[in-house]
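This report describes the strands, helices and chain contacts of the structure shown below. Conventions are stated where they are needed.

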Protein chains: 2
Amino acid sequence: MADLIFTVSGTSESPARTRVAARNFTLIVDEPPALGGTDLGPNPVEYVLAAFVGCLNVVAHLVAKELGFKIQTLEIEAGGPLNPARLLNLPTPDRAGFKQIDVSLRVKADADAPTLARWLAIVESRCPVADNLGKTTPVHLRIDPQTK
Amino acid sequence: MADLIFTVSGTSESPARTRVAARNFTLIVDEPPALGGTDLGPNPVEYVLAAFVGCLNVVAHLVAKELGFKIQTLEIEAGGPLNPARLLNLPTPDRAGFKQIDVSLRVKADADAPTLARWLAIVESRCPVADNLGKTTPVHLRIDPQTK
């Protein structure tokens, strides 16, 4: 199967706010005032969690279908601790990002507990966002050569 | 500095669409019809890229201030290849998520090229989203015990 290419394009609207175009959609990423922003949208790490939750929903339904059961309702919470010290250039042994991400799935389905446990393991292994967070992803940053 | 805790909560609206609450904000994560959705919002991996772009903008401005220069304009593109085969349970040696993520920053600033190169390296090292993508992040999924 051929790779799909996904891209987005962002424009800085202020030191904390970015307008991001993803196909025909526009997203506002901002920070609450306590983190220096104008609070016109979720902040970047909340977008990461939203991506994760949305991805798990897709994979959860795919895998349930494969295993032969139906999901009636599904609610997913995701969160984790992050020390902003490194971001803010304060002395810290902590990493810059989430130290861990915990996800809780509340599912109503016609499946027993062992089936749901199996389902969950398969979902985690096939979720693109779980893969990019849980494993190393090569990230390459460069200054656009057309910069002034 | 104490950890901050970030959380979001999502509700499945369809097998491909999730309504996500992040504080007072609501986000719709969906898939285009070609990927089984109703196209009412960006898809999960586009949200990952949006998070990354938004995060880089914040850190870019922080670090520029530390280095003593001003950013007049900043545009950031991010993207990468992803093979959906593993997600779809087709035979593949490829990983589930982005194989890599490439980011291009077009910046207009009163700084010379060596300063911008140094700036970029510091930005990458202190960006929470770059950290969570570029390095392993422990991810823990569980079935909510209140799931009947």
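## Pairing across the two chains

Strand β1 (residues 4-12) of chain A pairs with strand β4 (residues 71-82) of chain B in the antiparallel sense, over 8 bridges. Strands are DSSP runs of E with at least two residues, helices are runs of H or I with at least four, and both are numbered from the N terminus; two strands pair if DSSP finds at least two bridges between them. Within this pairing, A:L4 stands opposite B:L82, and the bridge partner of A:G10 is B:I76. β4(B) also pairs with strand β5 (residues 101-109) of chain B, again antiparallel and over 8 bridges, with B:E77 opposite B:S104.

The model is predicted: local features need pLDDT of at least 70, side-chain atom pairs count only at pLDDT 80 or more, and totals for chains, interfaces and linings use all residues. Residues are numbered from 1 along each chain as its sequence is written, while chains are lettered from A and ligands numbered from 1 in the order in which they are written.

## The mixed sheet

These pairings belong to an open sheet of 6 strands with mixed pairing, in the order β3(A)-β2(A)-β1(A)-β4(B)-β5(B)-β6(A).

Contact between two residues requires their C-beta atoms, placed from the backbone, to lie within 7 Å.

Parallel pairing is found between strand β5 (residues 101-109) of chain A and strand β6 (residues 139-143) of chain B, which are joined by 5 bridges. There, A:I101 stands opposite B:V139.

## Helix α1 of chain B

Helix α1 of chain B (residues 44-67) comprises 24 residues and reaches 35 Å from its first C-alpha to its last, close to the expected 34 Å. The expected span is 1.5 Å times one less than the number of residues. Of the 24 residues of α1(B), 20 are buried, so the helix is largely enclosed by the rest of the structure. A residue is buried if 20 or more other C-beta atoms lie within 10 Å of its own, exposed if 12 or fewer do, and partly exposed in between, with C-beta atoms placed from the backbone. Just after α1(B), B:G68 takes a positive phi of about 85 degrees.

## Symmetry and interface

Chain A can be laid on chain B with an RMSD of 0.0 Å by a turn of 180 degrees and a shift of 0.0 Å along the axis. The two copies are thus related as by a two-fold rotation axis. The same surface serves both copies, since 100% of the contact residues of chain A recur in chain B. Superposition is by least squares on the C-alpha atoms of residues with pLDDT of at least 70 in both copies.

The interface brings 95 residues of chain A into contact with 95 residues of chain B. On the side of chain A, helix α1 (residues 44-67) of chain A contributes the largest share, 16 residues. By class, this side has 50 nonpolar, 26 polar and 19 charged residues. Ala, Val, Leu, Ile, Met, Phe, Trp, Tyr, Cys and Pro count as nonpolar, Asp, Glu, Lys and Arg as charged, and the others, Gly among them, as polar.

## Individual residues

A:E77 lies in strand β4 (residues 71-82) of chain A and is partly exposed, with 17 other C-beta atoms within 10 Å. Not counting residues up to four places away in sequence, A:E77 touches A:V103, A:S104, B:T7 and B:S9. B:P81, in strand β4 of chain B, is partly exposed with 15 C-beta neighbours inside 10 Å.

Most residues other than glycine have a negative phi. A:N89, in the loop between β4 and β5 of chain A, has a positive phi near 70 degrees and is exposed, with 12 other C-beta atoms within 10 Å. B:D39, in the loop between β3 (25-29) and α1 of chain B, has a positive phi of about 60 degrees and counts as partly exposed, with 17 C-beta neighbours inside 10 Å.
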